[in-house]
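Here are my notes for your first reading of this model. Keep the structure open beside them and find each residue as it comes up.

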Amino acid sequence: MTNKHVLIVEDEQKIAELLADYLKADGYKVSILLEGTNAVETVQRESLDFLILDLMLPGKDGLSICREVRQFSNLPIMMLTARVDEIDRLLGLELGADDYVCKPFLPREVVARVKSILRRTSSVTPTQTENVLSYRDVTLNLDKYQCLAGGVDVELTPVEFRMLKALMSRPGRVFSRDSLMTSAYTDDRVVSDRTIDSHIKNLRKKVLAGASVEELIHSIYGVGYKIE
């Protein structure tokens, strides 16, 4: 049995209640919202472990909610959608959704995916104590702007450091180039995709030079990058 708390934001009450029944039968605690207006505030207020979020909602749509939640939380997010076109899928990934389920779906499939995502995210969660972030063979001292890879001091530029921090804060999550740009630059400048790619290329070289592990930063074609 699990004590994980799942929030379902779905305006079709029958679908929301059906999912809730299956999740509860598997030991999850479940809360339901039938519209999106207060979804972000609920995520901020409640102690949640997972968010199931419909794409089309009254009050505030799922993509807007996902975008706002990602500004302050790495909460795993699964999006439900009847719109299967690739643009919506890509938009969701760029905003930080962890998975999609297209309607109609089998409730058992949703429960299985929730389990899988929670298992994956819990097994790769980085450790962070006293402003030190560690994942696998790489450690970032957030106060000193210091990076250690395999115990070797790696010199990073401030932009590279902030970009690596963003990636390490959520292993397995795909970050779009736009989201990495937002994380890496403290001003409002606009940089090209080629500039982000160049920073990633430099990071790979520097980190691999010290780390005694295989490549950490992976390219996701057409979307962005992840660390794993």
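1. Start with one term. A residue is called buried when its relative accessible area is under 20%, exposed when over 50%, and partly exposed in between. K226 has a relative accessible area of 18%, so it is buried. This residue sits in strand 13, which covers residues 224-227. Setting aside residues up to four places away in sequence, K226 touches L167, G172, R173, V174, L216, I217, H218 and I220.

2. Now the overall picture. The model is predicted. Its chain contains eight helices and 13 strands. Of the 228 residues in the chain, 48% are buried. Look at contacts between residues at least 6 apart in sequence: 58% of them join residues at least 24 apart.

3. Next, D54. Where does D54 lie? It is found in strand 3, and that strand spans residues 50-54. The relative accessible area of D54 is 3%, so D54 is buried. Apart from neighbours within four places in sequence, D54 contacts V9, E10, D11, G62, L80, T81 and K103. The UniProt record, an unreviewed entry, lists D54 under "modified residue: 4-aspartylphosphate". Treat that label with some care, as such annotations may be inferred rather than shown by experiment.

4. Charged pairs deserve a point of their own. Side chains of opposite charge can pair when their charged atoms come close. How many salt bridges does the structure hold? There are 11. One of them joins E10 and K103, with the closest N and O atoms 3.0 Å apart. These two residues come from distant parts of the chain, 93 residues apart. E10 is in the loop between strand 1 (5-9) and helix 1 (13-25). K103 is in the loop between strand 5 (99-102) and helix 5 (107-123). Both E10 and K103 are buried.

5. K103 has another partner. Its side chain also meets that of D54 in a salt bridge, at 3.2 Å from N to O. Here too the pair links distant parts of the chain, with K103 and D54 49 residues apart. K103 has a relative accessible area of 17%, so K103 counts as buried.

6. A further bridge pairs D99 with R113, at 3.3 Å from N to O. D99 belongs to strand 5 and R113 to helix 5, 14 residues apart. Is R113 buried or partly exposed? Its relative accessibility is 27%, so R113 is partly exposed. Salt bridges with shared partners also join E10, E12, D54 and K103 into one network.

7. Turn to helix 3, residues 62-70. It is mostly covered, as seven of its nine residues are buried. Those residues are G62, L63, S64, I65, C66, V69 and R70. D61 caps the N-terminal end of this helix. A side-chain oxygen of D61 lies 3.0 Å from the backbone nitrogen of L63.

8. At 1.5 Å a residue, the 12 residues of helix 6 (residues 158-169) should span 16 Å. The end C-alpha atoms of helix 6 are 16 Å apart, so the two values agree. Why call helix 6 largely enclosed by the rest of the structure? Because nine of its 12 residues are buried. They are V159, E160, F161, R162, M163, L164, A166, L167 and M168.

9. Pick out L164 within helix 6. Its relative accessible area is 2%, so L164 is buried. Beyond its neighbours within four places in sequence, L164 contacts V138, L140, C147, L156, L203, V207 and I227. L164 and H199 are 35 residues apart in sequence, and their C-alpha atoms are 9.8 Å apart in space.

10. Last, the cysteines. A disulfide is a covalent bond between the sulfur atoms of two cysteines. With a cut-off of 2.5 Å between sulfur atoms, the count of disulfides is zero. C102 has 22% relative accessibility, so C102 is partly exposed. C147 has 1%, so C147 is buried. C147 is also one of the contacts of L164.

How values were computed: Residues numbered from 1 in each chain as written. Predicted model: local features only at pLDDT ≥ 70, side-chain atom pairs only at ≥ 80, totals over all residues. Heavy atoms only, no water. Helix = DSSP H or I, 4+ residues; strand = E, 2+ residues; numbered from the N terminus. Expected span 1.5 Å × (residues − 1). Buried < 20%, exposed > 50% of the residue type's maximum accessible area, 1.4 Å probe, protein only. Salt bridge = Lys/Arg side-chain N within 4 Å of Asp/Glu carboxyl O. Contact = heavy atoms within 4.5 Å. Polar contact = N/O pair within 3.5 Å; in protein donor to acceptor, adjacent residues only side chain to side chain.
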